[in-house]
Amino acid sequence: MTLFPAGIGRRDQLDEELQAARTALGEDQLIPARVLSQHSGVWLVAEPDQATPPRLVHARAKLRGESDGPPITGDWVALDTGDAIAAVLPRRGTVVRRAVGEGKADRQVLAANVELALVAEPLPEPNERRAERLVAIAGAGDVPVALLLTKADLDPDADATALRLGRSIGIADSIAVSVRTGDGIGVVHSLLPAGATAVLLGPSGAGKSTLVNALLGEERQATGEVRESDRRGRHTTVTRELLSLPHGGLLIDTPGMREVGMWDGGVDDTFEDIVELAAGCRFADCQHDTEPDCAVRDTVPAERLEAWRKLAREQAWVDDRRAAARARESRGRFYERIQREARRAKGQDE
Ligand SMILES: Nc1nc2c(ncn2[C@@H]2O[C@H](COP(=O)(O)OP(=O)(O)OP(=O)(O)O)[C@@H](O)[C@H]2O)c(=O)[nH]1
Ligand SMILES: [Zn+2]
């Protein structure tokens, strides 16, 4: 039985990228695979042709300390002859948040190589601010977004609410879905064509797992069993997994997130309405607060303006810290070079 009857996803230029990794590492035996799930210290991977069943592999120690962090679910990787992940192939379409932690500025890649982010917010009281934030981090990684207003059966005006929220955040695909009535499920399927990979994001309790089960239909039982035995056998924790949907689409399931910190910008994309209107303000640095001739203040709802300010402040804070870290790093490299040159000069003296 294959876990992914319709394959493990599209990947353009896989051969070229693999060749580049072989050249870089000087190893010509590397083979490609995709990470289906990440556990503590091991990764479940599958090869594109699935000639062998998915298997748990390790990663080379050096990979774990790299700036991009260890391999994650959705990654395309190069495996060596010892079945260890030797390289992570370039990531396209990433969702990155600031790692959770007080005053910390570090990045966490939530999903890699995704072509769509499904941002879930539950009805009847969707939190627009929370959705905006997820839309912004997806936008920062060049990942298009569809909004899913879940639990549509709890809101008699679900479709209107979805439309309104989509307009407000600037997302064309905004769909009310209910697992209870089945409304919207077909539309979600149509957003996930064969070979495409999407990630499902949203707060705890939004109904993500329930929706995933509905999308998987009967497939889940078949795939679930295999995975469960993997998990139990190894006592590992699954954080995210790549799932194969019946129509051939792939979906990365993420656990509910309490905190989603900004990392790579994306604020301006999400608040395009404000950015565009601001061009009409009298002052270029207008804060849309008490300035005269402000084109934004009276047009944009106060809560949205406040949300924009808050995210922009947060992004500025992260940018500061990232700039400081880069400066520290380049100072470090500078001193290393000076010391190296000093040692060399000394060697020549002797
Ligand atoms: N009325 C209604 N309830 C739903 C629907 N979908 C999910 N729920 C309920 O919402 C609750 C939360 O659902 P989950 O699927 O566990 O939510 P989740 O987003 O996966 O939460 P985490 O696993 O914590 O991230 C459960 O009690 C579900 O039964 C729906 O379409 N309608
Ligand atoms: Zn203004």
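**View 1. The buried residues of helix 4 are A158, T161, A162, L165 and I169.** In this predicted model, whose residues are numbered from 1 along each chain as its sequence is written, local features need pLDDT of at least 70 and side-chain atom pairs count only at pLDDT 80 or more, while totals for chains, interfaces and linings use all residues. Chains are lettered from A and ligands numbered from 1 in the order in which they are written. A residue is called buried if 20 or more other C-beta atoms lie within 10 Å of its own, exposed if 12 or fewer do, and partly exposed in between, with C-beta atoms placed from the backbone.

View 2. Helices (H or I, at least four residues) and strands (E, at least two) are DSSP runs, numbered from the N terminus. The 12 residues of helix 4 (residues 158-169) should span 16 Å at 1.5 Å a residue, and this agrees with its end C-alpha atoms, which are 16 Å apart; the expected span is 1.5 Å times one less than the number of residues. The buried residues of helix 4 pack against helix 3, strand 9 (145-150), strand 10 (174-176) and helix 8 (267-270), where contact requires that the C-beta atoms of two residues, placed from the backbone, lie within 7 Å. After helix 4 comes G170, whose phi is positive, near 85°.

**View 3. C281 and C286 are both listed by UniProt under "binding site".** The unreviewed entry lists C281, C286, H288 and C294; UniProt positions are given in the numbering used here, feature names are shortened, and annotations may be inferred rather than shown by experiment. C281 lies in the loop between helix 9 (272-278) and helix 10 (302-349), and C286 is likewise placed in the loop between helix 9 and helix 10. C281 is partly exposed, because 18 other C-beta atoms lie within 10 Å, and C286 counts as partly exposed with 17 C-beta neighbours inside 10 Å. Leaving aside residues up to four places away in sequence, C281 touches C286, H288, E291, D293, C294, A295 and V296, whereas C286, counted in that way, touches A278, C281, E291 and C294.
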